[in-house]
Amino acid sequence: TKNKGLRVFSTLLAVVLIVSLSICGGYFAGKGKSSSYNSGGKAPETELASRPEDDSELSENYSAVFEKVNKSVVSILVYSTETQTITGSVSGVIYSDDGYIVTNDHVYEDTPNAQFMVRLYSGEEYKASFVAGDTRSDLAVIKLNDKVKGLEAAVFGNSDEVIVGEPVITVGYPFSYGSSATVSHGIISAKDRRVTGTSTNYASTFLQTDAVINPGNSGGALCNMYGQVIGITSSKLAGEEYDAVSYAIPTKTMNK
């Protein structure tokens with residue numbers, strides 16, 4: 001039957017998913033923990049910017065878009081004070097100018113008493129505390145412990161207004177903490193791409209892109225050519241038969 005065929009396809013798809021792009025290994029939504037948890041903190045609400053009605057703000061230059069977004073993307077070192085080990089080096093996006101940062105939930109999975117060190121565009125480093133996380137959406141929020149002047153929050157665009165085929169870039173810190181941010185480019189391959197998790201039947205909805213997402217890009221930015229962040233990079237398909245099939249969490253999901 002059609003439904004049975006969809007279930008079989010979803011199962012096969014889940015098998016080939018690389019579900020972590022942090023340095024330390026694999027993950028996807030629904031890893032067997034509680035579906036969500038919260039330490040009691042709450043980030044301020046952020047309005048999603050609409051897509052401009054005309055193309056006057058549209059950039060045809062990838063480097064110009066990168067310059068708009070780069071100061072809002074951070075490098076995050078994940079470590080455990082309990083085991084005295086570094087467990088991952090990932091990315092994050094500044095959510096608000098008072099120090100809230102959005103990243104992926106999976107980046108601290110299996111890290112006892114996870115702690116975070118954040119390196120800003122300026123090279124300054126600050127400790128950050130966990131605020132909230134959700135395994136199903138693979139989203140998490142952390143907050144800088146210190147008040148930092150001059151933080152540049154990203155402009156978050158409305159992912160519902162994304163157009164299939166439009167050009168995009170990713171911005172993040174793959175491979176190592178504290179290195180320079182990198183950029184890759186591609187297009188929006190699909191919207192509302194529903195993918196089933198590896199250990200549950202829960203299916204999350206993603207933006208699909210052929211822009212390259214490498215280990216360490218977890219929690220980074222997927223941006224349109226207006227310089228708006230439209231997604232938080234999360235995962236990709238793996239296997240010799242797959243090429244450049246990457247996923248980002250839509251900003252509409254992030255805002256919720």
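Which residues form the negative surface patch?

Reply: The model is predicted. Its negative surface patch is formed by Glu53, Asp54, Asp55, Glu57 and Glu60.

Take Glu60. This residue sits in the loop between strand E2 (36–38) and helix H2 (62–69). Its relative accessible area is 79%, so Glu60 counts as exposed, the cut-off for that class being over 50%. A patch member needs over 30% relative accessible area and must have no salt bridge. Glu60, at 79%, clears the area requirement. The C-alpha atoms of Glu60 and Met225 are 7.1 Å apart, although 165 residues separate the two in sequence.

Now the paired charges. Side chains of opposite charge can pair when their charged atoms come close. The rule used here is a side-chain nitrogen of Lys or Arg within 4 Å of a carboxyl oxygen of Asp or Glu. The count is three salt bridges.

One of them starts from the loop that holds Glu60, between E2 and H2. Arg51 meets Glu166 there, with an N to O distance of 3.1 Å. Arg51 lies in the loop between E2 and H2, and Glu166 in the loop between strand E8 (139–144) and strand E9 (167–172), so this pair ties together parts 115 residues apart in sequence. The two partners have different cover. Glu166 is buried, because its relative accessibility is 8%. Arg51 is partly exposed, because its value is 24%. Buried means under 20%.

A second pair also uses the loop between E8 and E9. Asp160 and Lys252 form a salt bridge at 2.7 Å, N to O. Asp160 is in that loop and Lys252 is in helix H3 (residues 251–255), so the pair links distant parts of the chain, 92 residues apart. Both ends are partly exposed: Asp160 at 47% and Lys252 at 32%.

The remaining pair is Arg119 with Glu125. Their side chains meet in a salt bridge at 3.9 Å, N to O, against the 4 Å cut-off. Arg119 is partly exposed at 25%. Glu125 is partly exposed too, with 42%.

Strand E4 (residues 85–94) has 10 residues, and eight of them are buried.

Take E3 first. Strand E3 (residues 73–80) runs antiparallel to E4, and eight bridges join the two. E3 and E4 make a hairpin with four residues between them. In that turn, Gln84 has a positive phi of about 60 degrees.

Then E5. Strand E5 (residues 100–104) also runs antiparallel to E4, joined by two bridges. Here Ile94 stands opposite Ile101 in E5. E4 and E5 form a hairpin as well, with five residues between the strands. Gly99 takes a positive phi near 105 degrees in this hairpin.

To sum up: the negative patch holds Glu60 among its members, Glu60 is exposed at 79%, and Arg51 in the loop between E2 and H2 is tied to Glu166. E4, by contrast, is mostly covered and is joined to E3 by eight bridges and to E5 by two.

Notes
Residues are numbered from 1 along each chain as its sequence is written. This is a predicted model: local features need pLDDT of at least 70, side-chain atom pairs count only at pLDDT 80 or more; totals for chains, interfaces and linings use all residues. Side-chain values use heavy atoms; hydrogens and water are left out. Buried means under 20% relative accessible area, exposed over 50%, partly exposed in between (1.4 Å probe, protein chains only). Two strands pair if DSSP finds at least two bridges between them. Patches are made of residues with over 30% relative accessible area and no salt bridge: like charges are joined within 9 Å, nonpolar side chains (Val, Leu, Ile, Met, Phe, Trp, Tyr) within 5 Å. Accessible areas come from the Shrake-Rupley method with a 1.4 Å probe; for residues, only the protein chains shown count as cover. Lys and Arg count as positive and Asp and Glu as negative; His and the chain ends are not counted. The place of a charge is taken as NZ of Lys, CZ of Arg, CG of Asp or CD of Glu.
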